[in-house]
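Student: Hi! I have a new structure open and would like to walk through it with you. Can we take it piece by piece?

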Amino acid sequence: FQKYEIQVKELYEKSQERLCDPNSFSFVKNNTLFYIFVINGVFIGAIYYFMDGDKLFLNGFASSKHHAENLRCLRLSTSWFKSNIYAEAQNRASALCLIRCGFERVKDNLFCLKRELT
């Protein structure tokens, strides 16, 4: 992570308004389940998971021109959890990405990837 930290922070800060996350990069990095994705030595994006009340939420940001890889990374990361996962899409591109990964619209901009809870 240290090799990419400056790049990750810069992209987070550049994307922060679209993420609708008022938290600092340092807060997100240290207080969420924070994952970066690197392909062939190139940082392409990050996803972070956090609890909001009793719900598991995800948020993320990525560089452009890596849409297919970002979808694969999002799908992979959701497989790490057995509970329902929620996300808020602040724009059409984010909503389409969530839908392509199996999320369903709950209401307005709130989406959920439902899991069979046993």
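Student: Let's start with N70. Is N70 buried or exposed?

Tutor: N70 counts as buried, at 15% relative accessibility. Here buried means under 20% relative accessible area, exposed means over 50%, and partly exposed lies in between, with a 1.4 Å probe and protein chains only. Do keep in mind that this is a predicted model, where local features need pLDDT of at least 70, side-chain atom pairs count only at pLDDT 80 or more, and totals for chains, interfaces and linings use all residues. Residues are numbered from 1 along each chain as its sequence is written, and side-chain values use heavy atoms, with hydrogens and water left out.

Student: Thanks. Where does N70 sit, and which residues is N70 in contact with?

Tutor: N70 belongs to helix α3. Helices (H or I, at least four residues) and strands (E, at least two) are DSSP runs, numbered from the N terminus. Setting aside neighbours within four places in sequence, N70 is in contact with I44, G45, A62 and S63. Contact means heavy atoms within 4.5 Å.

Student: What about S77, buried or exposed?

Tutor: S77 is buried, with a relative accessible area of 0%. S77 is also in helix α3. Apart from neighbours within four places in sequence, S77 is in contact with F37, I47 and Y49.

Student: OK, on to the sheet. In what order do the strands come?

Tutor: Six strands form an open sheet, in the order β1-β2-β3-β4-β6-β5, and the pairing is mixed. Two strands pair if DSSP finds at least two bridges between them.

Student: And which strands stand at the edges?

Tutor: Those are β1 (33-39) and β5 (104-107). Each has a single partner strand, so one side of each is left without a neighbour in the sheet. From one strand to the next, the twist averages 30 degrees. Axes are lines fitted to C-alpha atoms, for helices over the stretch in contact, and angles run from 0 to 180 degrees between N-to-C directions.

Student: Which strands does α3 touch?

Tutor: Helix α3 (residues 67-78) packs on the sheet, where it touches β1, β2 (42-52), β3 (55-62), β4 and β6. The direction of α3 makes about 35 degrees with that of β2.

Student: How many bridges do β1 and β2 have?

Tutor: β1 and β2 pair over seven bridges, in the antiparallel sense. One example is I36, whose bridge partner in β2 is A46. Their hairpin has two residues between the strands, and N40 takes a positive phi there, near 50 degrees.

Student: How many for β2 and β3?

Tutor: Eight bridges, again antiparallel. Y48 has N59 in β3 as its bridge partner. This hairpin has two residues between the strands, and G53 takes a positive phi near 70 degrees.

Student: And what joins β4 to β6?

Tutor: Four bridges join β4 (residues 85-88) to β6 (residues 110-113), and the two strands run antiparallel. For Y86, the bridge partner in β6 is C112.

Student: Switching topic: which residues of α4 are buried?

Tutor: In helix α4 (residues 92-100), A95, C97 and L98 are buried. They cover an arc of only 160 degrees around the axis, which puts them on the same side of α4. The arc is that of the directions from the helix axis to the C-beta atoms. The buried residues of α4 pack against α3, β4, β5 and β6.

Student: What is on the other side of α4?

Tutor: R92 and A93, which are exposed there.

Student: What comes after α4?

Tutor: G102 follows α4, with a positive phi near 100 degrees.

Student: Last one: how many disulfides are there?

Tutor: The structure holds zero disulfides. A disulfide is a pair of cysteine sulfur atoms within 2.5 Å.
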